[in-house]
Amino acid sequence: MEERAIIRQLQNGVNQKRVRDHNERLILSLLQRHGDLPGSEIARRTDLSAQTVSVILRKLEGDGLLIKGDPVKGKVGKPSVPMALNPKGVVSFGCKIGRRSSELFLTDLCGQVLYKSQLNYEIALPGTIFEFLETSYFEAISSVGPEIAARLCGIGIAAPFEIWKWGSTEGDTAAEFLSWKDISFEEEVTRFSNLPVYMLNDATSACWAEHVYGLGRGLQNYAYFFVSTFIGGGVVLNQAVYEGTRGNAGAFGPLRIGDKSGKTRQLLDVASIHLLESKLQSAGFDPRDLWKLPQDWSPFEDEVAVWIDAAAHAIAQACVSVCAVVDFEAVVLDGYCPANVKDRLVDRVRHYLPQEDSRGLILPEILTGQVGINARAIGAASVPVFSQYFLNSKAPLTD
């Protein structure tokens, strides 16, 4: 099983040489979670000896993963020198393959985007997408220069689970879409890159982004919903992204919910943006305008308002269902939509949730995701870094 799929909490460090790699990951994870810390504080929080921490910090600094901050003067003794992650210490690619567009991002160790490229299309076909990825890959390397490119550690690819099956939902997908069934993403990427490839579900990838760079820093257990062409999700347990045995945990789209007419349907057939696309097309608008950047959905306010209400009603039911399985403290909601639309959607879910039959349950807090429309690509880029340099969990929340 890959490192990123292992569920474990950060544990206190140990001083044996044979587990030094674990201790390095522990310290890097601690700094990623809490920010700059001096060696003395790192030792206190990890239960490692001061000498062990000093040795590891020197090694990580020599490897280019850490940098020294400005000395902080105390009341007595020498000024403490905080250590921080070096943003350019490691860089990675993140690719999102979607039903309306694909993106390739190059991000640094702290999640800052160094390069991004996007391709829009009517239908996601392998030849078009992999040509785009190859072209963008070399453009990205050229744009950042050889010194940063030498720090590349991998390529994360976020794609829908069994992408070849989703076309039938839309009813007018070309037969070529089925060619995805015979595609090996790893083989296609190795045609132009020797970097390791990490595959993950697209909604799980968005959950990774929130877990690493968003609200996940302060939450223990939560469900995550990402609203796009089709709604999906992710699961975080004990401060670790849980991907499941087959990488499909948190596939909330197929959850059964009741619409306002009383008919039972899948969540993805009520709370997905493709429903809004259909409404716009019926009203004489071009649905492709939903995906243009920067996003502005104000010209479609009448259709958007109806869609928000229906989607929120369905998501509120889904929140009750998922909390009946796991006692989530929160549900985080994000999506490929304008920030003001996302805020309205969250507010409407909060409105409907208390109206649901929640006997025997403790209702979760409904929170607004912080990463936004780029979550899937940024999350994909974070996975190679976490797999190789961090533990798939956060440092303890207590000091």
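Before any counting, a word on terms: a residue is called buried when its relative accessible area is under 20%. By that cut-off, 54% of the 399 residues in the protein chain are buried. Keep in mind that this is a predicted model.

Now the overall picture. The chain holds 12 helices and 15 strands. If we take its contacts with a separation of 6 or more, 68% of them join residues 24 or more positions apart. The exposed surface comes to about 17700 Å², and carbon and sulfur atoms supply 50% of that.

On to the pair. Helix α2 covers residues 39-46, and helix α3 covers residues 50-62. How do the two axes cross? They come within 9 Å of each other, at an angle of roughly 120°. Angles of 65 to 115 degrees count as roughly perpendicular and those over 145 as roughly antiparallel, so α2 and α3 are classed as oblique to each other. The crossing is right-handed.

Which residues make the contact? From α2 there are G39, I42, A43 and T46, and from α3 there are A50, V53 and L57. Sorted by type, that contact has five nonpolar residues, two polar ones and no charged ones.

Staying with α2, its buried residues are E41, I42, A43, R45 and T46. I42, A43 and T46 also belong to the contact with α3. E41 and R45 are buried too.

Last, the end of α2. The helix is followed by D47, and the phi of D47 is positive, near 65°.

That's what I have on this pair.

Technical notes:
Residues are numbered from 1 along each chain as its sequence is written. This is a predicted model: local features need pLDDT of at least 70, side-chain atom pairs count only at pLDDT 80 or more; totals for chains, interfaces and linings use all residues. Side-chain values use heavy atoms; hydrogens and water are left out. Axes are lines fitted to C-alpha atoms, for helices over the stretch in contact, and angles run from 0 to 180 degrees between N-to-C directions. Helices (H or I, at least four residues) and strands (E, at least two) are DSSP runs, numbered from the N terminus. Angles under 35 degrees count as roughly parallel, over 145 as roughly antiparallel, 65 to 115 as roughly perpendicular and the rest as oblique. A crossing is left-handed if the near helix is turned anticlockwise from the far one by less than a right angle, and right-handed if clockwise. Contact means heavy atoms within 4.5 Å. Ala, Val, Leu, Ile, Met, Phe, Trp, Tyr, Cys and Pro count as nonpolar, Asp, Glu, Lys and Arg as charged, and the others, Gly among them, as polar. Buried means under 20% relative accessible area, exposed over 50%, partly exposed in between (1.4 Å probe, protein chains only). Accessible areas come from the Shrake-Rupley method with a 1.4 Å probe; for residues, only the protein chains shown count as cover.
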